[in-house]
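This report describes the fold of a single protein chain and then examines selected helices and residues.

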Amino acid sequence: MKENLYNYILGIADNSLILGQRLGELCGHGPTLETDIACTNISLDLFGQVRSYFQYAAKIAEDERTEDDIAMLRKEREYKNVLLVEQPNTDFAYTIGRQFLFDVYHLAFLSELEKSKDLTLSAIAKKCIKEVRYHERFSSDWVKRLGDGTEESKAKMQDAINTLWTYTDELFHQTEADKTMVNEGIGVDVTTLKDAYYKSVNDLLIEATLEVPESKYFQKGGKEGIHTEHLGYLLSDLQYMQRTYPNMEW
């Protein structure tokens with residue numbers, strides 16, 4: 001039970017950890033000062049959420065690991081984030097597309113996690129959902145602005161959506177820990193979120209005058225620790241300080 005709960009928490013937290021790191025890479029590089037600050041604030045929101053999850057995970061582990069150890073000192077195959085969030089900041093359209101495709105899922109997921117029998121997870125979800133509502137509104141507005149903007153912005157936004165689309169189905173893949181926690185009334189059955197997710201995403205893409213990708217080919221593996229080549233480079237930056245100067249604290 002404890003091992004499954006621990007792995008389930010990592011599956012939630014790692015998404016926010018890796019996406020927060022990706023957004024943090026943009027600090028000082030946003031297209032405008034206001035947008036730069038907004039992306040940085042979203043990154044900080046995600047890291048704040050991660051701390052709550054990892055503090056709980058450390059408590060469950062009942063060993064000498066701290067939240068910092070769990071966040072910073074695992075090997076690449078031990079991270080359980082979906083492939084979508086580790087994709088690089090190719091350009092601003094890719095950053096927004098990745099954020100939007102995750103935000104729609106994240107908001108729906110937290111809405112269900114609020115109902116968890118695990119009071120700690122429920123409390124974290126209730127706290128986080130206020131921030132994620134803003135994240136989803138921010139990324140949705142930018143998808144519409146870029147999609148229904150200039151010829152160049154439309155082309156870049158469409159290219160981003162087409163490329164990132166292949167990673168969306170994994171959001172609804174269940175690991176063994178997921179299935180166990182659903183049966184215990186603790187976890188969220190993500191398979192029930194799929195239809196509403198794609199409807200919400202498709203409706204907004206149409207509103208943004210973008211085409212809904214028709215590709216039926218999807219990639220997955222991140223939840224099982226099998227990642228793209230991008231994660232290793234990301235972790236080398238994320239973990240550098242902790243590995244170079246051990247025992248640092250967030």
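The sections below proceed from the whole chain to individual elements and residues.

## Basis of the description

The model is predicted: local features require pLDDT of at least 70, side-chain atom pairs count only at pLDDT 80 or more, and totals for chains, interfaces and linings use all residues. Residues are numbered from 1 along each chain as its sequence is written, and side-chain values use heavy atoms, with hydrogens and water left out.

## Overall architecture

The protein chain contains 10 helices and zero strands, and its pattern along the sequence reads α-α-α-α-α-α-α-α-α-α. Its radius of gyration is 18 Å, close to the 18 Å that the globule rule gives for 250 residues, so the chain is as compact as a globular protein of that length. Helices (H or I, at least four residues) and strands (E, at least two) are DSSP runs numbered from the N terminus. The radius of gyration is taken over C-alpha atoms, and the globule rule is 2.2 Å times the number of residues to the power 0.38. Along the principal axes, the C-alpha atoms fill a box of roughly 55 × 40 × 30 Å.

Of the 250 residues in the protein chain, 52% are buried; buried means under 20% relative accessible area, exposed over 50%, and partly exposed in between (1.4 Å probe, protein chains only). Among contacts between residues at least 6 apart in sequence, 80% join residues at least 24 apart, where contact means heavy atoms within 4.5 Å.

## Surface and charge

The accessible surface of the protein chain comes to about 12100 Å², and carbon and sulfur atoms account for 51% of this area. Accessible areas come from the Shrake-Rupley method with a 1.4 Å probe; for residues, only the protein chains shown count as cover.

## Helix H9

Helix H9 spans residues 229–238, and its residues Leu 231, Leu 234, Leu 235 and Leu 238 are buried. Seen down the axis of H9, the buried residues fall within an arc of 100°, so they line one face of the helix; the arc is that of the directions from the helix axis to the C-beta atoms. An α-helix has 3.6 residues a turn, so residues three or four places apart point the same way.

The buried residues of H9 pack against helix H1 (2–24), helix H3 (67–72) and helix H10 (240–244). On the face turned away from the buried side, H9 carries the exposed residues Glu 229, Tyr 233 and Asp 237.

## Helix H7

In helix H7 (residues 176–183), the buried residues are Ala 177, Asp 178 and Met 181. Viewed down the axis of H7, these residues lie within an arc of 100°, so they line one face of the helix. The cover over the buried residues of H7 includes H1.

The face of H7 turned away from its buried side carries the exposed residues Glu 176 and Asn 183. Just after H7, Gly 185 adopts a positive phi of about 80°.

Ser 16 belongs to helix H1 and is buried, with 1% relative accessibility. Leaving out residues up to four places away in sequence, Ser 16 touches Leu 46, Gln 49, Val 50 and His 106. Ser 16 and Leu 46 are 30 residues apart in sequence, and their C-alpha atoms are 5.2 Å apart in space.

Gly 20 is also found in helix H1 and is buried at 0% relative accessibility. With residues up to four places away again not counted, Gly 20 touches Ser 43, Leu 46 and Phe 47.

## Loop residues

Glu 62 lies in the loop between helix H2 (33–61) and H3. Its phi is near 55°, a positive value in a residue other than glycine, and Glu 62 is exposed at 59% relative accessibility. Thr 209, in the loop between helix H8 (194–207) and H9, likewise has a positive phi, of about 60°, although it is not a glycine. Thr 209 is partly exposed, with a relative accessible area of 36%.

Thr 166 is located in the loop between helix H6 (151–164) and H7 and counts as buried at 11% relative accessibility. Apart from neighbours within four places in sequence, Thr 166 is in contact with Tyr 217, Phe 218 and Gln 219. Thr 166 and Phe 218 are 52 residues apart in sequence and 4.3 Å apart in space, C-alpha to C-alpha.
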